[in-house]
Amino acid sequence: MTTLERDKKYLIQCYTTDDVVFSKGKGIYMYDENGKKYLDFSGQFSACTLGHGNEEMIEALKEQLEKLVSVTSCFATEERAALAEKMVEISPDGLDKVMFGCTGSDANEFALKLAKYFRGGGRIISFRRGFHGSTAGAAAATGKSEMIQENSGISELLPRGFVHSAPPYCYHCDFGKEPDTCGMQCLKYLEQTMLHEGGDRIAAVISEPIFAAGGVIVPPKGFWKGVRELCDKYGALLIFDEVVTGIGQTGSMFACQYEGVTPDILVTGKGLTSGYVPGSAILCRRQIGEAMSKISLHGHTHSCYPLTCRSALKNLEIIQRENLVENSQVVGEYLHKKLLALKDKYDVVKDVRGRGLLQGIEIEGSQNTDKFALGQELYETMLRNGLITELESRKNLENVVVVMHPALITSKENVDEAVEIIDKSLSACLK
Ligand SMILES: Cc1ncc(COP(=O)(O)O)c(C=O)c1O
C-alpha cells in the first residue's frame, strides 16, 4: 500500500485530504514524497510563522527536550514564567495576566469561561462567518452554519446561549448596503442583538479582528471602535480571537493594535510556537485573571509544558530580532498590490482583501462557470502547479475565497513566484 492508501484506510477522514504526501520542509517550501517542491502560502493554516526547518528553533527545542519536557500546570517553570512575562510585554497595554493552552480551540474555551465567570453568566455574542474552533464552546461561537450547528446529532453537543450577529462583510453586506453610505448597519444590528439578548447581562462579544477562515473579511475602519463602545455601554467583555491574526500575521504583533482597540481578553495560538509544537495563549485584564485564580475551572495536562513555552519564546525572539512583523507588513502590502493587478486582469477575481501577510481573493463565476466549481479547480490547479493555499468555499454562505497566510519570512521574490502561479492557474482554469 502507498502512504496515501494506508492513510485513507486507517485515518478517520474528517478533513478533506488532498492527494499529496508531504515528507519535508525548508523555509517557505515543502516537498512531497516524490521530491516535488511547493511554495507554502497557507503557512499550514497560518501556524508556520518562521517557515519549516528553522535551525535555531530546532536547536532550542533539542536543548529543551534534554532539559525538561513535561510539567503539569500545577508547577512553575523558568520557561513558563519567562513566556508569561514576554506575552504581557508584546501585548496591548492593559492585558496583564496570561494562561497557556494547547490549541486555539481550548484557548477560546478558556476565554469564554473567563468571561462567563467574571460576568456571572450571560449570553455570548459572536458573528456569522466567524470561526473559533471545534471544541463545544468554540464551535457554538463559530458562525459558519453548515459546520457543526447544522449537523443533527453533533449539534446536540453545543452549549446554549450563543447568538450570532451580522458580520461586517462589505462585499456581501447582509443589509444590501454599500460601504460609503451604509451608516454601519452591522454595528447598529449588533446593538439591537445585544439589547434583545440581555442588554447589560451579556457576558461577551467574541470575534476575530479580521475574519480569516470566513474569507479574509476586513471590517470597515471604525467598526471595532464602535464594538468596543457598545461593550463598554452594556458592560460586556470584548474577546478578540487572534489565533490566526496574532503574532505578526497582519503586519502588527496583534491585529487589534492596528485600530488601537484593546479587548478585555485576547486569544492567540497557531503562530505562537511557529507550529513546531502545539500551543496557545489567553491574555486578559488583571482583574479578570485574578477573579479566576485558584478555582481549578480550566487546565489541560499539556497546557504549560516547558517545551511549548520554550518554542514560543524562541519564536518570539527570532521574530523580534529579524523584524518579521515589519516584513509581514511590507511584503503583505506588496502581495496585496500584486493581487489587485490580478483583479484588473481577470473578471472572476472580484475582491482582494487583507492586511499584512493575511490576504484573500474573492472569486465569482462567469456566464458558463459555477464559482464553486471554479474555486475548487483553481485550488487544485495551483496545488498541481506547486502553490499551497487554503480554499474557503461554502455554498450556504455564498462565497469562494482563496485564503493566503504564508510565513512571516516570506520575501517579495516568494510573492512574485506565488502570484505567477495564481496567474497561470487562473488562465488555465478559464480556457
Ligand atoms: C480564528 C480561529 N480561532 C480558533 C481556531 C482553532 O484553533 P485550533 O485549530 O488550534 O484549535 C482557528 C483554527 O483555524 C481559527 O482560525
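An oxygen atom of the ligand is 2.8 Å from an N or O atom in the side chain of Lys270. The protein covers 81% of the 390 Å² of accessible area that the ligand has on its own; accessible areas come from the Shrake-Rupley method with a 1.4 Å probe, and for residues only the protein chains shown count as cover.

Please note that this is a predicted model, in which local features need pLDDT of at least 70 and side-chain atom pairs count only at pLDDT 80 or more, while totals for chains, interfaces and linings use all residues. Residues are numbered from 1 along each chain as its sequence is written, and side-chain values use heavy atoms, with hydrogens and water left out.

Two further ligand distances deserve mention. A polar side-chain atom of Ser105 lies 2.5 Å from a ligand oxygen atom, and a backbone N or O atom of Gly104 lies 2.9 Å from an oxygen atom of the ligand. The residues surrounding the ligand include Asn108, Phe131, His132, Glu208 and Asp241; a residue is near a molecule if one of its heavy atoms lies within 4 Å of it. Helix 5 (residues 104–119) gives the largest share of this shell, 3 residues. Helices (H or I, at least four residues) and strands (E, at least two) are DSSP runs, numbered from the N terminus.

Strand 4 supplies the largest share of the lining, 4 residues. On a 1 Å grid over the protein atoms alone, a pocket is an open set of points with protein on both sides within 12 Å along at least five of seven lines, whereas a cavity is a set where a 1.4 Å probe fits but cannot get out; lining residues have an atom within 4 Å of a point. Grid points are joined across faces, edges and corners, and a volume is the space filled by probe spheres set on the points.

By this rule there are 2 cavities of 30 Å³ or more. The largest cavity has a volume of about 110 Å³, and among its 15 lining residues the closest to the centre are Tyr169, Cys170, Cys173, Cys182 and Cys186. The second largest cavity holds about 50 Å³ of space, and its lining includes Trp224, Glu259 and Arg355.

Methods: A polar contact is a pair of N or O atoms within 3.5 Å; within protein, one must be able to donate a hydrogen and the other to accept it, and residues adjacent in sequence count only if both atoms are side-chain atoms.
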